[in-house]
Amino acid sequence: MTPKTLHLSPPKYRRDIDGLRAVAVLAVVAFHAFPDKMKGGFIGVDIFFVISGYLISTIIFESLDKGTFSFSEFYARRIKRIFPALILVLVACFTFGWFVLLANEYKQLGKHIAAGAGFISNIIFWRDAGYFDNAADTKPLLHLWSLGIEEQFYIVWPFLLWVSWKRKFNLLIITILVATLSFILNIQGVKNNAVATFYSPLTRFWELLIGSLLAWITIYKKDAYQNVELKMEGWLDSIICLKKVEGDGKILSNVLSVLGFFLLALGFLRINKDLSFPGKWALIPVLGAVLIITAGSKAWINRAILSNRVAVWFGLISFPLYLWHWPLLSFARIVECEVPSRNIRIAAVVISIALAWLTYKLVEIPLRFGKQGKVNVSVLVVLMVIVGYVGCNTYERNGLSFRFPKMVQELTNFQYNYQQEYRVGTCFLRPEQTYKDFNGCHTKAIEDKKTVLLWGDSHAAHLYPGIVKRYGLELNVVQYTASSCPPILNFDNPSRPNCLKINDFILGYIKQNSVDIVVLSAVWTHYDLSKLETTINILNKYGIKNVYFVGPVPQWIDGLPKQLLNHHNKNFPHIIPIRMTTGLNPNFINLDADLRRRIERIGAIYISPKDILCDDNGCVTKTTDTSDSITAWDDSHLTNSGSVFLVSKFLNF
């Protein structure tokens, strides 16, 4: 048989499977738009995995069986199915990001565009995940992780089946072995490294392979399945009708369909992002999808609900809808600098549906089913390579900061070396460090000069640059600060087990040394403040009459640099304001008033950063007209300029 006669065997079209696609994609969209209402909607991706494994394996099994399998035709179909909509979405994200993203954000988008074009998004997001990683909802292409897993499956699985078929291995055994190994890795991995297990193809392939197993049974054991179906049908009929009747398979199909929908409903209601997923929980949507597909088009739910025109329509546009919805929601989050309002999210969903339909009608159908198929494939491959290159170039050129005026370029490229300025690892301890790691935390002692001890977490550490730069020649400065350790005695937190001994060590130092002023500062919103009075009373008992309690500093949603640039983009003329109210989180204002009353009642000296940094015109954003003079480098941590400005207002010598 010559290559010209090789043609893949497409599976028989089933409207109910398109309806199942609709259930999957609408669940994902609902979860992303309204996570509080549809907490388990993300399992729609797992439903997609089963459908993909079933349909792709059906094509491969039948084509191998007939001797008509062709790698070139297989991948040509995949390219025409996936590339058109994906290229369009990647280009749209790049274009929109040009106008709204900062340099570091655009740099990240470039990397994610390249990853999406190369179908390795899951690997990139796996590698980048961590404490300092950007919030998930500010990554417009985060959803492409699932597409990466599917495409990696499409590369590995056809080749493995082809080799096994050539060597006359049992394809069922191969499928079961690979699926079992992947499932075991999934169960073990979710306990040890949940992030890796979520993104790794090795721990996700079993979901697609369950669909492959169903495809094998449907093709090669159709008669055996029908015999089992008839026997179970007779058994069910005898229970329901109390007599033996001739079964036609409808009752069993309906039972399977109902059970499948029950499992999906259970998953949508019971599974949430706080559970270890996928793990064993992924069995619920996977088995639910398998039962619904197995039930077939004659089951009432499949026929009346999944096969209705609306469900099928959403199923047909499910792929472009999946691609469009998340970038729209993510960009809305970025532009708004907070979770968008309900109306904006509804609008984003409606627009994504419209774009999905237009993409399906004007792009996907013509390129998939139109003439000049080979030319289309070549063009699509070249376009995808170009898109990937543009993404890489954007990443390598640090987000193309030339898009902004000079002042804005400086601001977008601004980096604050907090590790050095806060003395991370020596006087500002990391979570895993103990008090024994304090090293060189005293400035050179000056006789007849007062000693100031700085005690607290990162919001105490960010005061150190200001104290040293403003009063370094006038004070002896001692810095004992530790990440997530407030200056509260007997503070015991299992996630920060070293804090108790760190604070005991600091109190011991105060007791044994001459300290004139103790400055207490922390991210007060994060802690139980019930023991504050005891701590301050003990300090007074040790002769510390000047206990300065520093209240909350201004809190900027998404960080001050981002808010300044948003203000620049939205206002004309383009200026960077000295004071600003937009982007402020008002919670710190209410906390300031509450803490002031509490601390003044205790008897300590209350320092209000709100009163120092803010007035009716807003809070101070910069002290000069240079980018390095901005007062905070993230949502609340002060830069050197901000620290000097604040400290000079309450330490007066």
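**A buried strand residue and a set of packed helices**

Thr451 is buried (under 20% relative accessible area, with exposed over 50% and partly exposed in between, for a 1.4 Å probe and protein chains only), as its relative accessible area comes to 11%. This is a predicted model, where local features need pLDDT of at least 70, side-chain atom pairs count only at pLDDT 80 or more, and totals for chains, interfaces and linings use all residues. Residues are numbered from 1 along each chain as its sequence is written, and side-chain values use heavy atoms, with hydrogens and water left out.

Thr451 sits in strand 2 (residues 451-456); strands are DSSP runs of E, at least two residues, and helices are runs of H or I, at least four, numbered from the N terminus. Setting aside neighbours within four places in sequence, Thr451 is in contact (heavy atoms within 4.5 Å) with Asn476, Val478, Ser514, Val515, Asp516 and Ile517. Thr451 and Ile517 lie 66 residues apart in sequence, yet their C-alpha atoms are 6.4 Å apart in space.

Now for the helices. Among the buried residues of helix 9 are Phe205, Trp206, Leu209 and Trp216. Their cover includes helix 2 (44-66), helix 6 (144-166), helix 7 (171-192) and helix 12 (283-295).
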